[in-house]
Amino acid sequence: MSEKPKNTEKPKNTEKAERQRLSVFKTYKLYVGGKFPRSESGRVYEVTDTEGNWLANAPLSSRKDARDAVVAARKAFGGWSGATAYNRGQVLYRVAEMLEGRRDQFVREVADAEGLSKSKAAMVVDAAIDRWVWYAGWTDKIAQVVGGGNPVAGPYFNLSTPEPTGVVVVLAPQESSFLGLVSVIAPVIATGNTVIVIASEKSPLPALSLGEVLATSDVPGGVVNVLSGKTAEIAAPLAAHQDVNAIDLAGADDVLAKELEVAAADNLKRVVRPQAVDYPDYFANPGIERLTAFLETKTVWHPTGALGASGSSY
Amino acid sequence: MTTENTEKRSSAFAYAPAPESRSVVDIAPSYGLFIDGEFVEAADGRVFKTVSPSTEEVLSEIAQAGEADVDRAVKAARKAFGKWSALPGSERAKYLFRIARIIQERSRELAVLETLDNGKPIKETRDADLPLVAAHFFYYAGWADKLDHAGFGANPRPLGVAGQVIPWNFPLLMLAWKIAPALATGNTVVLKPAETTPLSALFFADICRQAGLPKGVVNILPGYGSAGAALVEHPDVNKVAFTGSTAVGKAIARQVAGTRKKVTLELGGKGANIVFDDAPIDQAVEGIVSGIFFNQGQVCCAGSRLLVQESIQDELLDSLKRRLSTLRLGDPLDKNTDIGAINSAEQLSRITSLVEQGEAEGAERWSPACELPSAGYWFAPTLFTNVTQAHTIARDEIFGPVLSVLSFRTPDEAVAKANNSQYGLSAGIWTEKGSRILAVANKLRAGVIWSNTFNKFDPTSPFGGYKESGFGREGGRHGLEAYLDV
């Protein structure tokens, strides 16, 4: 433990008459399969603010935690991908409601994590909540935008529809601990995938708190799994995992990205290479690239029968 | 093909030979690489021979591209990219329309050529490959001046030089799938056809010349896997498109790791063709036959696993065997031939060894009585029963005229078995019950589902796989994405 705990300073703002009260610390935990385990390894690491003040001990996830998360995400995939798009939209919107209710907590955590002023942090958190709402509205629209009937030259009904790819691993952006995080999680689950997200290594607390929000938002357990720890250490077994279908390398540097892409080739995971997610203008809409990156297109053919020149064939 | 049955029938009704004339195609004794609008020799002067799989006759001697040639072709494509991508879409469209029309005009010649070089029946090159090739160019020609409306935002930009590697099973069709969208979106291309089927791509180079396509926009480099690898690795290639085996696809995914190259991969498959007890049996049998024996089964989306509901298994297999006994195997240039030659000696030995493994693992092998020509590479249509999911022939792609038959009892079991594969390219569903079609289609993890039909293709229709069958889609609006900066 480096510095004296920051949280203990908070009571000094309260009125003098009030008894000095010792605040209650929070033990930050992983969020896996709808539960809040400590790391299987029992390890933690120190999380500090940008000035080096101790904030909390975060779980240092192990390979086993990563594998457990894949099992949970796979188990949840059938139910989540099979839910109606309308229902998924409702659930995602519910997450935004919960986030709004916990807005002050996230503003504090983001301010600490990223060294922002309270007003700047508030702007970032608002943008993240709004972005979540934006993606919530996409669940029942994306199929109409990227799918549709194909006018084939023959008597066939022929329809292309998007379907979720499956279990997606996301390396959350390292710098943007909350807006960046939301920007990579929301599009993945909006389209019916399930996700294992590796929080920002330096600033994992907003991500771990998001787990608490998700647990109280009707998001089925296992749909989102949050791991904290060393990004490279957790990502390596996940990129090589045969039951993972896709990986978003937002939080990887070039060296790690290349290593993970090589591992991902082993079962031909879909790979999204590192790219900015939080945009200079927080309020700009992020486009649908991250939605479509984790979709497969399924094309179904069926004879229609046709009235040819020679007469009826149906 | 002759069986006792057909011999009996043949006395009353025999087919006379009906060969298509070879005179419509003029194959030169040698061909160069097509780089920057010219046919040139390989830098190191190497050549290879391409043979006709049905006769083993040497058709021509072809320059063999090496690393230096790849570099030269990529430079030519890079040089051509500026002007080509700056052309108004409507102008690019006109070039593509010209190509489409010339293909139609020369389609009989190209069909015969393809049959000679590939070994597939003229019936298929004439009625399936060539019409689809022309249709692809027509379809993507129309997109060239409408890219703003393709759903990728305003003014989507081309990527640059596309390196494309295609297989030998549909040489000209795979070329069309790759080149048409690349050119429509303003990219320039370097394409490597397979070493066993280089000819139609070289004839296509001539079509580009006839169409007046600017030099360097299309470059064709016949060669082996090493040339393909050099193309994929070339630092000035912006986009890699590959159709072929899953093993090579994985190697490519590793090669491009850490680069910014955009990649699409169309890889292997082990398609499940599911027949329910209420299926129209005769139609299902036709669909099973076209599903696995079309192009001698050398199709990535072949329906190579037949899943039949237990209650109709005997009836269906009787019908299927009866139908297989009527297939005609032989000279691919004969218009009545159903089954042509296997593409190469190498492929034949791969099929043979997998089939032997199937027998060794305890599956029951059946083929109709069948006389194979003495020269060339041939394999009789083959059916395996007593197959379990653990058998190699139920898991590995054979890429030949070999069908593995498994059974199931409930729709859930059919879905589970169908999805029990590393692949996810195609599947078939045969039932008269609409809700069952939709429910099962919904649950199958495959990119193309044919219900009450099989092996249908169309340029407007996105095609591609789930899982280890690769990523990206070719065809349709979706096919544009691979060549745009989106």
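Asp129(B) and Lys120(B) are both buried, and the two form a salt bridge with their closest N and O atoms 2.7 Å apart. The pair belongs to a predicted model, in which 43 salt bridges are found over all chains.

**Domains of chain B**

- Chain B is split into domain 1, covering 22–267 + 469–485, and domain 2, covering 272–451.
- The centres of domain 1 and domain 2 of chain B, taken over C-alpha atoms, are 30 Å apart.
- In the contact between these domains of chain B, 30 residues of domain 1 meet 30 residues of domain 2.
- The area buried between domain 1 and domain 2 of chain B is about 2,400 Å², with 56% of it on carbon and sulfur atoms.

- Asp338(B) and Lys123(B) form a salt bridge, with 2.4 Å between the closest N and O atoms.
- The interface of domain 1 and domain 2 of chain B also has 12 residue pairs in polar contact.
- On the side of domain 1 of chain B that touches domain 2, the elements giving two or more residues are α4 (107–118), α5 (122–143) and α9 (246–255).
- That side of domain 1 of chain B consists of 10 nonpolar, 10 polar and 10 charged residues.

**A salt bridge between two loops of chain B**

- Arg409(B) and Glu310(B) meet through their side chains in a salt bridge, at 3.1 Å from N to O.
- Arg409(B) sits in the loop between β15 (402–408) and α14 (411–419), and Glu310(B) in the loop between β12 (305–309) and α11 (313–324), so this pair ties together parts of chain B that are 99 residues apart in sequence.
- Arg409(B) is exposed, at 57% relative accessibility, whereas Glu310(B) is partly exposed, at 37%.

**Salt bridges in chain A**

- Asp140(A) forms a salt bridge with Lys141(A), the closest N and O atoms lying 2.8 Å apart.
- Asp140(A) is partly exposed, with a relative accessible area of 35%, and Lys141(A) is also partly exposed, at 40%.
- A network of salt bridges links Lys26(A), Arg102(A), Glu109(A) and Glu212(A).

**Build of chain A**

- Chain A contains 10 helices and 10 strands.
- The C-alpha trace of chain A spans about 95 × 40 × 35 Å along its principal axes.
- Of the 314 residues in chain A, 53% are buried.
- Among contacts in chain A with a separation of 6 or more, 76% are between residues 24 or more positions apart.

Conventions:
Residues numbered from 1 in each chain as written. Chains lettered and ligands numbered in written order. Predicted model: local features only at pLDDT ≥ 70, side-chain atom pairs only at ≥ 80, totals over all residues. Heavy atoms only, no water. Domains from an automatic or database assignment. Contact = heavy atoms within 4.5 Å. Buried area = accessible area lost by both parts, 1.4 Å probe. Salt bridge = Lys/Arg side-chain N within 4 Å of Asp/Glu carboxyl O. Polar contact = N/O pair within 3.5 Å; in protein donor to acceptor, adjacent residues only side chain to side chain. Helix = DSSP H or I, 4+ residues; strand = E, 2+ residues; numbered from the N terminus. Nonpolar A, V, L, I, M, F, W, Y, C, P; charged D, E, K, R; others polar. Buried < 20%, exposed > 50% of the residue type's maximum accessible area, 1.4 Å probe, protein only.
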